[in-house]
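Please look over the model below.

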Amino acid sequence: VYTRDQWMHRLDLAETLQRRPNLTADHDGRIVADVVREWANIHGSPFHLDLSGPAGGSYTVGDGGPTIEMDAIEFCLVLSGRLDKEMPLFHPVVF
């Protein structure tokens, strides 16, 4: 969680300074994948998740669940409570 907390503060600072963070699949994608893993374990329901952007990826658990398509950073902002947006299977994740 400590790494995710620092990562989220990095995004907060970039937004405050109106700068785009330099995101990579190797670094940021691993953090997003960790968030997806925890989120999936918390709600325990099937889903297909397509996250766009450099930190994105495609994740599927089970069959018959909702398909969620959004930007990877937006996904993390919603789960952290920093962005108010309706999302299927919403459950907050600690950052």
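The text below starts with the source of the model and then turns to the strands.

This is a predicted model, where local features need pLDDT of at least 70, side-chain atom pairs count only at pLDDT 80 or more, and totals for chains, interfaces and linings use all residues. Residues are numbered from 1 along each chain, and side-chain values use heavy atoms, without hydrogens and water.

**Strands**

Strands are DSSP E runs of at least two residues, and helices are H or I runs of at least four, numbered from the N terminus. Two strands pair if DSSP finds at least two bridges between them.

| Pair | Sense | Bridges |
|---|---|---|
| β1 and β2 (residues 57-61) | antiparallel | five |
| β1 and β3 (residues 67-71) | parallel | five |

L49 stands opposite Y59 in β2. H48 has T67 of β3 as its bridge partner. Four residues lie between β1 and β2 in their hairpin, where G53 takes a positive phi near 95°.

**R4**

R4 lies in helix α1. R4 counts as buried because its relative accessibility is 3%. Its side chain reaches the backbone oxygen of V94 at 2.6 Å. Beyond neighbours within four places in sequence, R4 has contacts (heavy atoms within 4.5 Å) that include I31, D34, E38 and F95.

Key
Buried < 20%, exposed > 50% of the residue type's maximum accessible area, 1.4 Å probe, protein only. Polar contact = N/O pair within 3.5 Å; in protein donor to acceptor, adjacent residues only side chain to side chain.
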